[in-house]
Amino acid sequence: MYVKLLKPSFDFIFAFIALLVLSPLILILSLLVYFKLGKPVFFIQQRPGKGEKIITLYKFRTMTDKHDHSGKSLEDKDRLTKVGTILRRTSLDELPQLVNVLKGDVSFIGPRPLLVEYLPLYTEDQKRRHLVKPGITGWAQVNGRNNISWKEKFKLDLWYIDNLSFILDIKILIMTIMKIILREGISKDGFATSDAFNGNN
C-alpha cells in the first residue's frame with residue numbers, strides 16, 4: 001500500500017507545497033545562474049526512470065560548456081564554476097527536480113537516475129534498480145554518495161528496493177538533511193563529481 005499509493009501521494013503533495021514555498025528561492029537562483037553562467041539556466045538531460053522509461057530530468061546548470069580545440073567538452077573539474085560548486089555543495093542544484101516529482105517521473109527517495117548510456121552495461125541484478133522510480137536522494141546517497149565505488153552504489157540501491165518502507169524513507173530523508181549540512185560525499189576523490197561507470201569487468 002505504501003509503495004503503490006501512499007508514497008506517490010506524499011511525493012505529489014510535498015512537491016506541490018515545496019514548489020510554492022521555494023518559488024522565490026528558485027527564481028533568485030535562476031537569475032544567479034543566468035547572470036553568472038548565461039543561458040541555459042537549467043541543465044536538461046534524458047535519464048532512465050522506472051521500467052527504464054526515458055524521462056527528462058531538470059537541474060540548475062552548474063558547469064560551463066567549454067570545449068578544447070577539437071570541440072570535445074573539457075573535464076567536469078574544468079567546467080565546474082564557483083557558483084556551480086556552491087549549488088552542488090548545498091544540493092540547491094536539485095531544486096528543479098521538484099517538477100519531476102510533481103510530474104510523477106521521480107520520487108523524493110529512490111535510486112538516483114543515472115545516464116542512459118549505462119543501460120547496456122548493467123547486470124540483470126543491477127537492472128532491478130529500475131523497478132521503482134528514481135529519487136532525488138536515496139540510500140546510496142546517504143551512505144557515501146559520490147565517494148563510493150559503483151559496485152557499492154548498486155548494492156545499496158538494490159538493498160533499498162528490497163527493504164523499501166515508510167520508515168526507511170523517513171530515515172533517508174533525515175540522513176540527507178544531515179549530509180547536506182555536513183557537506184559529505186559531494187565528489188569522489190580525484191573527480192569534480194564522480195567517475196564514469198564503465199561496466200562490471
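Read from the N terminus, the elements follow the order α-β-β-α-α-α-β-β-α-α, which gives six helices and four strands. The model is predicted. The protein has 201 residues, of which 44% are buried.

**Overall figures**
- The accessible surface is about 11500 Å², and carbon and sulfur atoms account for 62% of that area.
- Among contacts with a separation of 6 or more, 69% are between residues 24 or more positions apart.

**Nonpolar cores**
- The largest nonpolar core has 14 residues, and those touching the most other members are Trp139, Leu156, Tyr160, Ile161, Leu164, Leu168 and Ile172.
- Helix 5 (150-163) and helix 6 are the elements that give two or more residues to this core.
- Helix 5 contributes the most to this core, with four residues.
- Leaving aside residues up to four places away in sequence, Ile172 touches Ile109, Thr137, Gly138, Trp139, Val142 and Tyr160.
- A second, separate core holds 12 residues, including Ala18, Leu37, Val41 and Leu98.

**The Thr176 site**
- Thr176 belongs to helix 6 (residues 166-182).
- Thr176 counts as buried because its relative accessibility is 14%, below the 20% cut-off.
- Beyond residues up to four places away in sequence, Thr176 touches Thr137 and Val142.
- The side chains of Thr176 and Thr137 make a polar contact at 2.8 Å.

**Salt bridges around Glu94**
- The structure holds nine salt bridges.
- One of them joins Glu94 to Lys59, with the closest N and O atoms 3.7 Å apart.
- This pair links distant parts of the chain, 35 residues apart: Glu94 is in the loop between helix 3 (82-89) and helix 4 (97-103), and Lys59 is in strand 2 (residues 54-60).
- Glu94 is buried at 11% relative accessibility, and Lys59 is buried at 13%.
- A network of salt bridges links Lys59, Asp93, Glu94 and Arg112.

**Salt bridges around Arg128**
- Arg128 forms a salt bridge with Asp125 at 2.9 Å, N to O.
- Arg128 is partly exposed at 24% relative accessibility, and Asp125 is partly exposed at 41%.
- Arg128 also meets Asp162 in a salt bridge, at 3.0 Å, N to O.
- Asp162 lies in helix 5 and Arg128 in the loop between strand 3 (107-109) and strand 4 (135-137), so this bridge ties together parts that are 34 residues apart in sequence.
- Asp162 is partly exposed, with a relative accessible area of 49%.

Conventions
Residues are numbered from 1 along each chain as its sequence is written. This is a predicted model: local features need pLDDT of at least 70, side-chain atom pairs count only at pLDDT 80 or more; totals for chains, interfaces and linings use all residues. Side-chain values use heavy atoms; hydrogens and water are left out. Buried means under 20% relative accessible area, exposed over 50%, partly exposed in between (1.4 Å probe, protein chains only). A polar contact is a pair of N or O atoms within 3.5 Å; within protein, one must be able to donate a hydrogen and the other to accept it, and residues adjacent in sequence count only if both atoms are side-chain atoms. Contact means heavy atoms within 4.5 Å. Accessible areas come from the Shrake-Rupley method with a 1.4 Å probe; for residues, only the protein chains shown count as cover. A nonpolar core is a set of buried Ala, Val, Leu, Ile, Met, Phe, Trp, Tyr and Cys residues joined through side-chain atoms within 4.5 Å. A salt bridge is a side-chain nitrogen of Lys or Arg within 4 Å of a carboxyl oxygen of Asp or Glu.
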